[in-house]
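Please read the points below with the model open beside them. They cover strand pairing, charged pairs and some backbone geometry.

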Amino acid sequence: MYRFLLTPRWWGINVFVLLAIPFCVFMGSWQLSRFEARVDDHRSAKELAESARTEGARPLAELLPVDKSTSGRRTTATGHYGEQLLVPDRQLDGRNGYYVLTLLRTDGGKALPVVRGWLPGSADSAKAPKPPAGRVGVTGTLQASETPGDNGVSARGGLPAGQTSAISAASLVNLVPYDLYDAWVTLDTADAGMTAVPATAAAGTGLDLKAFQNLGYTGEWFVFAGFVVFMWFRLLRREVEFARDAELGILPEEPEPAEPGESGESAESDAESAGRPEQRVQEDASTPVR
């Protein structure tokens, strides 16, 4: 009864199923591992943020380059403030405003972007407090460079002079005449008249929409694997039923073709019915008028 499994058609079906099921399981497991990795990163980022509040600030050189383990840690740097820029369209506590970004020329020669605070409203250089003069020391939270566009701010069409859309070395290199660190710092305590900008978690460490997309894809791949198994059993069951019916002599009914005589008789009857009106007309014409 199961000899049909050796036919070329079923060989193809079986090979497809044997390849599709492991592939779906592998892809589902991979998506699940991506989700679990994001959960672990989120947990580590929370632990790092909590420990950063209690541990002392470390020199900038010890925390570079910035990665997931150093982003969010407190750091210190010394130098002289230089160029000042504004970063427009930044939200804080549900209000729109802008960051005041000042380049700190460190003792090492490179410049460190420092967010000295946030101000509400449209970016206005006249309202932004001037940086302190002379040698200064800053303490704040180390942050990784932003990727233009990821923060929801678009620089399409350009920005006015003295403004930047993203805090990154790639965006600032053409705006200031300094060598730049590929990182930035937000001060623990904002300068007078401004609000301190809270630190954000490193990219890829939060339970954002992408993380739950990985979880959704996990379910989809396992559903695909189950669907392949379901369809294989359904096809197998149908073939078995056909084989049993064939052994019992039960064959699927086929419509019987019409016999030639029947079609001829039908054509003649149609012709007769079509010719009757003409016959009546001839009979009426032959009848004399009284």
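1. Leu187 in E6 is the bridge partner of Gly140. The pairing involved is that of strand E5 (residues 135-144) with E6, antiparallel and spanning five bridges. Strands are counted as paired if DSSP finds at least two bridges between them. Helices (H or I, at least four residues) and strands (E, at least two) are DSSP runs, numbered from the N terminus.

2. This is a predicted model, in which local features need pLDDT of at least 70 and side-chain atom pairs count only at pLDDT 80 or more, while totals for chains, interfaces and linings use all residues. Residues are numbered from 1 along each chain as its sequence is written, and side-chain values use heavy atoms, with hydrogens and water left out.

3. E6 also pairs with E4, in the parallel sense, through two bridges. Here Val114 is placed opposite Val185 of E6.

4. How many of the residues of E6 are buried? Five of its five residues are, and the strand is mostly covered. Buried means under 20% relative accessible area, exposed over 50%, and partly exposed in between (1.4 Å probe, protein chains only). Side chains in a regular strand alternate between the two faces of the sheet. In E6, Ala183, Val185 and Leu187 point one way, and Trp184 and Thr186 point the other.

5. The loop between strand E6 (183-187) and helix H4 (209-247) contains Thr189. Thr189 is exposed, at 63% relative accessible area. Its C-alpha atom is 9.5 Å from that of Val138, a residue 51 positions away along the chain.

6. The whole structure has seven salt bridges, a salt bridge being a side-chain nitrogen of Lys or Arg within 4 Å of a carboxyl oxygen of Asp or Glu. One of them joins Asp188 and Arg74, with an N to O distance of 3.0 Å. This pair links distant parts of the chain, since Asp188 is in the loop between E6 and H4 and Arg74 is in strand E2 (residues 74-92), 114 residues apart. Asp188 is partly exposed at 33% relative accessibility, and Arg74 is likewise partly exposed, at 21%.

7. A salt bridge also connects Arg116 and Asp191, whose closest N and O atoms are 2.6 Å apart. Arg116 belongs to strand E4 (residues 111-120) and Asp191 to the loop between E6 and H4, so this contact ties together parts 75 residues apart in sequence. Arg116 is buried, with 1% relative accessibility.

8. Which parts of the chain does the pair Arg9 and Glu239 tie together? The two residues form a salt bridge with closest N and O atoms 2.8 Å apart. Arg9 lies in helix H1 (residues 8-54) and Glu239 in helix H4, so the parts joined are 230 residues apart in sequence. Arg9 is partly exposed, with a relative accessible area of 44%, whereas Glu239 is buried, at 17%.

9. The peptide bond joining Leu64 and Pro65 is cis, with omega about -5 degrees; Pro65 is in the loop between helix H2 (60-63) and E2.

10. Asp89 is not a glycine, yet its phi is positive, at about 60 degrees. Asp89 is in strand E2 and is partly exposed, with a relative accessible area of 47%. Asp93 also has a positive phi, near 55 degrees. Asp93 is in the loop between E2 and strand E3 (95-106) and counts as exposed, at 72% relative accessibility.
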